[in-house]
Amino acid sequence: MDLRLVCGVSVLFHEQDISLSCQLGRVSASDRSDREAWCHRWSGSVLGILICNRFENAGPEVITSFYGTMSDSAKTPQHAPAARGDKASTDFSYVGIDAILEQMRRKAMKQGFELNIMVVGQSGLGKSTLMNTLFKSKVSRKSVLTTEEERIPKTIEIKSISHDIEEKGVRMKLTVIDTPGFGDQINNENCWQPIMKFINDQYEQYLQEEININRKKRIPDSRVHCCIYFIPPTGHCLRPIDVEFMRHLSKVVNIVPVIAKADTLTLEERDYFKQKIREDLLANGIDIYPQKEFDEDAEDRMINEKIREMIPFAVVGSDQEYQVNGKRLLGRKTKWGTIEVENIEHCEFAFLRDLLIRTHMQNIKDITSSIHYEMYRVRRLNDSNTQANGQPPAQANGVPGPEVLSHEM
Ligand SMILES: Nc1nc2c(ncn2[C@@H]2O[C@H](COP(=O)(O)OP(=O)(O)OP(=O)(O)O)[C@@H](O)[C@H]2O)c(=O)[nH]1
Ligand SMILES: [Mg+2]
């Protein structure tokens with residue numbers, strides 16, 4: 001305890017370190033009267049009192065070690081990692097298990113994080129716009145260089161866009177997978193199949209890497225961690241096509257439904273529609289993220305229950321910035337004012353972003369890995385075994401194919 005105090009003082013009184021060390025060296029070699037004289041000189045200061053106390057209570061060998069410590073502390077750069085901390089030097093029952101957190105933090109900082117989000121829904125609901133909103137909003141405003149106004153074209157194929165984002169030394173690769181809107185055809189039967197196929201293809205890629213004999217140390221993860229499902233702002237109830245689409249999707253991926261273009265609804269309409277959607281989801285057995293069955297404990301349940309009460313988030317998207325009260329904000333300018341996309345008084349985009357990135361990112365990835373991917377893996381490996389035994393493979397995902405790879409889905 002003494003030692004720690006004195007070390008602290010040596011940093012504070014850095015300028016006096018050298019002379020103090022010399023004094024101590026002389027004192028340790030001299031007789032008691034020398035020591036008393038020295039103590040007298042320093043007795044007016046806190047430092048003196050501390051050291052004098054040590055002299056009164058300690059023998060020569062302690063003085064030598066004290067001397068050594070003072071010199072070391074002066075030489076040691078402050079950022080150098082201590083092999084064993086202060087706690088260890090004083091508490092012999094301390095093993096240091098808690099240091100694992102620091103090790104994990106450093107490893108995670110080095111590796112960075114990956115998050116893959118997919119946007120799905122009927123054509124023209126603002127999927128591509130919301131994807132840009134996410135990239136241009138606070139998540140990655142710095143990483144977006146272009147500000148020129150350009151119209152977002154209709155999406156005609158599934159395409160992934162990634163951005164490397166860095167905040168406080170933590171790196172994240174955020175990939176958003178934009179999909180073409182469905183519902184344009186007269187017959188929209190099985191319109192979810194291309195999306196399901198894409199999701200399964202990513203699981204398959206991961207599986208192939210995993211079962212490879214010479215597998216990579218770190219398997220590139222292109223699996224879809226979360227799917228944002230866009231519900232048109234009809235204000236009535238879920239349409240059969242949305243029910244069917246989400247029913248299929250929810251079995252293979254985490255889905256977070258949102259009410260698209262929420263600026264078209266009044267507050268009362270929004271509240272009513274949200275309530276109606278929640279009832280429809282429940283009635284149709286559609287399990288959206290965060291799934292009740294995966295709540296880990298009471299605290300988790302409490303947090304997730306609040307989120308479940310808010311879902312579907314009523315969002316507004318924009319990739320245009322406007323000057324509002326002297327600040328540049330992402331918004332939609334109308335004749336009657338500007339809708340601020342990141343303002344929670346205006347819409348719920350910020351809640352969606354927080355859920356995906358700030359509060360639940362790790363959980364979303366864990367559920368993808370331990371539930372959805374795991375289900376795919378088990379089925380897929382079972383199917384391979386069945387085929388090896390000469391039996392025909394089961395149909396996957398409702399996606400017909402010669403070598404069926406899936407997970408119903
Ligand atoms: N009012 C309103 N309009 C929006 C919103 N988000 C996007 N839009 C507009 O809706 C139109 C279609 O937007 P997109 O982002 O291309 O829609 P999409 O869902 O990607 O369309 P597809 O690629 O055809 O599936 C554009 O004119 C957008 O400016 C919103 O939140 N509110
Ligand atoms: Mg689009």
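This is a predicted model: local features need pLDDT of at least 70, side-chain atom pairs count only at pLDDT 80 or more; totals for chains, interfaces and linings use all residues.
Residues are numbered from 1 along each chain as its sequence is written, chains are lettered from A and ligands numbered from 1 in the order in which they are written, and side-chain values use heavy atoms, with hydrogens and water left out.

Visitor: Which residues coordinate the magnesium ion (ligand 2)?
Guide: Donors are N, O and S atoms within 2.8 Å of the metal (3.2 Å for Na, K and Ca), and water is not among the atoms, so the site may look incomplete. At 2.0 Å, the coordinating atoms are OG of Ser128 and OG1 of Thr155.

Visitor: How many residues apart in sequence are the parts that Ser128 and Thr155 tie together?
Guide: Helices (H or I, at least four residues) and strands (E, at least two) are DSSP runs, numbered from the N terminus. Ser128 belongs to helix α8 (residues 127–136), whereas Thr155 sits in the loop between α8 and β2 (159–167), so the parts tied together are separated in sequence by 27 residues.

Visitor: Is Ser128 buried or exposed?
Guide: Buried means under 20% relative accessible area, exposed over 50%, and partly exposed in between (1.4 Å probe, protein chains only). Thr155 falls in the buried class, and Ser128 is likewise buried.

Visitor: What span does α7 reach from its first C-alpha to its last?
Guide: Helix α7 covers residues 99–111. The expected span is 1.5 Å times one less than the number of residues. For the 13 residues of α7 the expectation is 18 Å, and the helix comes close to it, reaching 19 Å.

Visitor: Which residue just after α7 takes a positive phi?
Guide: The helix ends at residue 111. With a phi of about 80°, the residue that follows is Gly112.

Visitor: Which residue meets Arg105 in a salt bridge?
Guide: A salt bridge is a side-chain nitrogen of Lys or Arg within 4 Å of a carboxyl oxygen of Asp or Glu. Both partners lie in helix α7, three residues apart, about one turn of the helix. An α-helix has 3.6 residues a turn, so residues three or four places apart point the same way. At 3.2 Å from N to O, the partner of Arg105 is Glu102.

Visitor: What relative accessible area does Arg377 have?
Guide: Arg377 forms a salt bridge with Glu374 at 2.9 Å, N to O. Glu374 is partly exposed at 28%. Arg377 is also partly exposed, with a relative accessible area of 25%.
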